[in-house]
Amino acid sequence: MGYPYSHEKETVVLSRGFGDPATRTLARWKEMGGYTALEKALNLPYEEVIEEVKSSGLRGRGGAGFPTGVKWSFMPQEKKGPHYLCCNADESEPGTFKDRELMRWTPHQVIEGCLIAAHAIRAEHVYIYCRGEFFEATQVLARAVEEAYEAGLIGKNILGTGVDIELTVVAGAGAYICGEETALMNSLEGRRGLPRVKPPFPAAIGAFGQPTTINNVETLCAVPHIINRGGAWYREQGTEKSPGTKLFCVSGHVRRPGNYELPLGFPMMELINDVCGGLRPGRTLKAVIPGGSSVPIMNAEECASCTLDYEGVIECGSMLGCASVIVMDDSTNIVKQVRRMVDFYAHESCGQCTPCREGTQWLSRILVRIENGKGTEEDLDTLLELGDQMTGTTICVLSDSAAAPVASSIEKFRDDYLALIRRGERVGAA
Amino acid sequence: MADSGTKTERVTLTIDGREVSVEKGTTILEAAEALGNRIPHYCYHPGLSAPAQCRLCLVEVEGAPKLQASCITTAQDGQVVHTQSDDALRQRKGVLEFYLANHPLDCPICDQSGECKLQDYVFAEGRKHGRNREPKRVFGRDDFGGDILFYGDRCVMCTRCVRFMNEAAQDPLLTVVERGNRSVIDTFFDEGLEGSPYAGNIVDICPVGALVSKDFLHKARAWDLDHTPSICPNCSQGCNIDLHTRDNRVHRLKPRPNLDVNQYWMCDYGRHRYDWMNRTDRLEAPMIEREDSRVATGWAEALEALTARLEEVGDRPVRAIASPFSSNEELAALRLLVNALGGGEIHFRSPRTDEEIPLPSFPKLTRRKDLAPNVKGAEFLGMARVGDDDATGGLEGLEGFDGILLVVGDALPDCAPDFGSDAALHIHLGSYTSRATEAAHFRLPIATHAEQEGTFTNFEGRVQRFWPGLEAPGAARPGWLVLAALAAHLEGTAVPQRAEEMFLKAGELTPHFQGITYQDLGTRGALANEPVALPGA
């Protein structure tokens with residue numbers, strides 16, 4: 001059930017209870033069948049939990065789409081010290097607002113998913129790292145955690161199964177980069193939020209130097225359903241390689257923007273035109289960014305046949321990312337939008353790696369100049385080359401993400417740039 | 001290095017077509033360095049952790065999906081590395097271009113110019129022309145306290161300074177504030193680096209002109225400075241240093257790596273005490289007594305007059321005062337001369353403090369209690385310490401002494417002008433003028449350690465060589481040459497011509513130096529012999 005709008009084509013699994021404040025209470029959540037999956041999972045050996053999730057084909061919802069069960073199985077077989085689970089609730093990708101809603105409306109769903117995952121990786125402590133600006137979501141979550149502690153669902157000997165799991169909600173300080181898993185761990189430890197060099201990977205040396213798994217909120221929310229209804233049931237939704245349902249965050253020039261839960265593989269145009277009520281009257285589609293600002297921009301032509309699963313979007317020249325669909329109609333000034341995105345990355349670069357620290361700022365300054373009608377055609381080549389110099393040369397992928405919209409927009413909307421450069425004409429106002 | 005019997009595992013890899021075998025765990029950057037192939041880098045420093053954030057040491061490793069940061073990629077058996085492939089050069093060129101995006105290019109007024117890694121790398125691998133047309137961000141200058149000045153605009157954000165303070169000095173006084181393009185090195189509040197005893201090293205490790213020394217600010221251009229390997233003379237640690245000289249003046253001291261003594265570092269106490277090497281109140285000509293006055297003369301005449309006086313005085317008791325600032329050679333030559341005159345006690349006075357100042361990451365490096373470089377050498381040669389911790393006093397026994405008095409290197413700053421006036425013959429060898437030495441019958445000018453070749457023995461008995469970085473003024477000569485010439489004249493033997501010959505003679509005087517040659521010492525020094533105790537002795 002989407003929020004604030006819902007649609008009959010939705011398949012409601014995760015978004016059950018969206019919009020109903022009562023869902024936040026433990027009592028109501030239990031009425032809805034909450035924590036039965038936890039009880040089931042805790043009574044299973046951890047290997048079986050991992051196997052069930054593996055069989056479901058669940059893929060990480062944070063953007064990379066890595067199979068969750070496989071990620072869990074990377075944790076050391078032999079347990080030498082504490083293991084940690086970090087729930088990545090630092091949802092900051094421009095265009096994304098699904099984790100916030102999951103935490104706001106269904107905090108117990110998040111907690112239940114965390115506890116099952118912690119059992120699967122034999123972690124004794126879960127940290128939910130919330131984005132600093134998520135004041136309401138953090139409060140709702142913290143209240144739910146308190147309630148769950150009181151009910152014996154977190155802490156020592158959960159539900160009499162002998163399993164001990166502690167859970168702490170941590171608020172970040174407002175940095176996009178802390179959504180990168182290794183920067184998240186640094187921030188969690190009280191250090192500067194700088195991404196770490198990999199290897200070593202978190203499953204070997206993670207938070208506090210111990211084996212750690214980091215999962216996205218939405219990924220963890222899917223886990224209780226998979227445990228309750230089985231991996232095979234999960235595979236009934238979505239495509240062969242991208243099973244299950246996914247929350248799509250639609251923003252921009254549609255009549256009903258918001259979160260919609262749909263099976264993966266749903267056609268993009270159906271999402272825009274039917275589920276979201278279409279574009280504003282008299283407007284035509286110009287561009288779509290299908291997975292948050294870090295993925296290449298798509299033009300209307302590419303959107304026409306695009307299906308929204310991990311593979312389908314790649315085929316059409318972009319990436320599904322975290323399924324944050326930003327829709328732009330023909331009133332859009334692409335150069336301005338790209339500049340705004342690059343400004344965001346320049347502001348959020350941690351400043352460790354030189355190509356990112358200097359490159360993001362440089363791209364932004366060139367784009368500002370072009371926007372003001374003072375650009376040259378050589379600037380476009382410089383932008384592309386700088387983007388290339390920023391790709392694959394840094395510790396994390398923020399640098400690559402900043403370069404992606406620049407390169408793809410010059411490739412697909414070169415005429416918009418040239419109109420500004422040659423004639424000082426701005427295409428679109430928004 | 002003694003063979004401990006354990007063999008370290010080695011791996012063999014190919015770098016730019018050349019095979020190299022290195023210890024397991026070595027990084028590609030270090031392996032390349034072993035081949036003499038220097039991969040550009042900023043954040044990596046052999047004495048600190050490697051955050052791999054400067055992204056300049058990227059190289060192509062066959063089989064890897066993208067370029068690898070060579071400073072953290074460990075060498076594997078059979079690995080094939082290309083540091084000069086098109087891809088590696090292209091990417092490094094790109095990274096270098098970013099370094100210049102906000103750099104002020106103020107090389108003409110930058111102290112680092114000429115020894116700047118940004119200049120070097122851009123010259124070697126960078127673009128011929130920059131493409132940046134945008135305004136640059138400006139931080140300006142910041143006083144970090146102590147001797148350190150920070151020019152934020154020149155900074156390449158390698159964070160070596162932050163890591164030195166965190167890891168080596170373990171005094172986390174620096175940090176990165178802000179993020180992205182606005183990130184800048186800063187101190188906490190107004191505390192700054194004032195009083196942090198090893199902070200000067202951050203100027204050395206800064207690859208660009210972001211951290212500069214106030215003491216050296218705008219004093220000399222790097223390319224005008226001559227570098228002479230030397231030993232820090234300000235305590236008995238014996239840190240390996242370079243004298244940076246120009247126009248016959250020392251302009252600064254820089255540490256010279258020696259993993260056994262000082263790693264890559266030196267303390268600020270030693271670093272900033274070089275002014276005395278530039279003192280101009282020097283003895284420049286031999287002064288001999290003629291009737292009631294002293295006249296300047298040449299060496300031939302002075303030595304002739306001195307040997308004549310020695311014969312005239314005849315057999316008398318001999319007492320000598322040495323200095324822990326003298327080289328092993330000078331001290332040994334004094335011992336030779338005293339022996340030739342029939343033997344006698346040699347005393348020395350040395351400044352001393354109660355406080356050691358260790359470097360926390362490597363406590364073996366410490367500002368030692370003995371504030372002189374060669375106390376151990378003097379002790380090895382059988383000389384006894386007298387006087388107090390300020391290197392004064394202790395000479396009361398010489399009052400009314402009427403034998404032959406030899407003073408070498410000690411300017412006797414605390415002594416009365418008539419010191420030694422009762423001696424039948426009072427000979428003074430020194431570098432500086434001093435009222436207490438004016439009465440000496442013979443006053444002979446000798447070179448300081450910065451002006452001659454020689455060796456010091458540090459606190460643990462490590463003998464280390466130093467080389468002359470300055471020219472001695474006037475007729476000043478190495479003390480060992482003067483003393484050994486006199487001894488040779490008395491004994492009828494040959495005069496040693498080189499410092500090394502004198503050191504070999506020192507080996508005849510003490511088992512500690514026996515059999516050690518300058519070749520054995522090299523540029524890193526070697527431990528003196530532990531004398532073998534004879535059974536029953």
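Trainee: What makes strand 21 (residues 404-408) and strand 22 (residues 425-430) of chain B a pair?

Mentor: Five bridges join strand 21 to strand 22 of chain B, and the two run parallel; since two strands pair if DSSP finds at least two bridges between them, the five bridges meet the requirement. Within this pairing, Val407(B) has His428(B) in strand 22 as its bridge partner. This is a predicted model, in which local features need pLDDT of at least 70 and side-chain atom pairs count only at pLDDT 80 or more, while totals for chains, interfaces and linings use all residues. Residues are numbered from 1 along each chain as its sequence is written, and chains are lettered from A and ligands numbered from 1 in the order in which they are written.

Trainee: Why is one side of strand 15 (293-296) and of strand 20 (384-385) of chain B left without a neighbour in the sheet?

Mentor: The open sheet has eight strands of chain B in the order 15-14-23-22-21-16-17-20, with mixed pairing. Strands 15 and 20 of chain B stand at its edges and have a single partner strand each, so one side of each lacks a neighbour in the sheet. The strands themselves are DSSP runs of E with at least two residues, whereas helices are runs of H or I with at least four, both numbered from the N terminus.

Trainee: How do you know that Ile404(B) is buried?

Mentor: Ile404(B), which is found in strand 21 of chain B, has 26 other C-beta atoms within 10 Å. A residue is buried if 20 or more other C-beta atoms lie within 10 Å of its own, exposed if 12 or fewer, and partly exposed in between, with C-beta atoms placed from the backbone, so Ile404(B) falls in the buried class. Leaving aside neighbours within four places in sequence, its contacts (C-beta atoms within 7 Å) include Val313(B), Val318(B), Leu341(B) and Ala423(B).

Trainee: Why is strand 16 (residues 318-322) of chain B called largely enclosed?

Mentor: Five of the five residues of strand 16 are buried, so the rest of the structure largely encloses this strand. In a regular strand the side chains alternate between the two faces of the sheet. In strand 16 of chain B, Val318(B), Ala320(B) and Ala322(B) point one way and Arg319(B) and Ile321(B) the other, all of them buried. Five bridges also join strand 16 to strand 17 (residues 344-348) of chain B, the two running parallel, and Ala322(B) stands opposite Phe348(B) in strand 17.

Trainee: What makes helix 4 (residues 160-168) of chain B largely enclosed?

Mentor: Seven of its nine residues are buried, so helix 4 of chain B is again largely enclosed by the rest of the structure. Among the buried residues are Arg160(B), Val162(B), Phe164(B) and Met165(B), and the elements that the buried residues pack against include strand 8 (174-177), helix 5 (201-205) and strand 18 (357-359) of chain B. Just after helix 4, Gln170(B) takes a positive phi of about 50 degrees.

Trainee: What makes the phi of Met157(B) worth a remark?

Mentor: Most residues other than glycine have a negative phi, and most peptide bonds are trans. Phi of Met157(B), however, is near 55 degrees, a positive value in a residue other than glycine. Met157(B) lies in the loop between strand 7 (148-151) and helix 4 of chain B, and with 24 C-beta neighbours inside 10 Å it counts as buried.

Trainee: Why is chain A called as compact as a globular protein of its length?

Mentor: Chain A has 18 helices and 11 strands. Its radius of gyration, taken over C-alpha atoms, is 22 Å, and the globule rule (2.2 Å times the number of residues to the power 0.38) gives 22 Å for 430 residues, so chain A is as compact as a globular protein of that length.

Trainee: Which element of chain A gives the most to the side that touches chain B?

Mentor: 26 residues of chain A are in contact with 25 residues of chain B, and helix 15 of chain A gives the most to its side, with 10 residues.

Technical notes: Contact = placed C-beta atoms within 7 Å.
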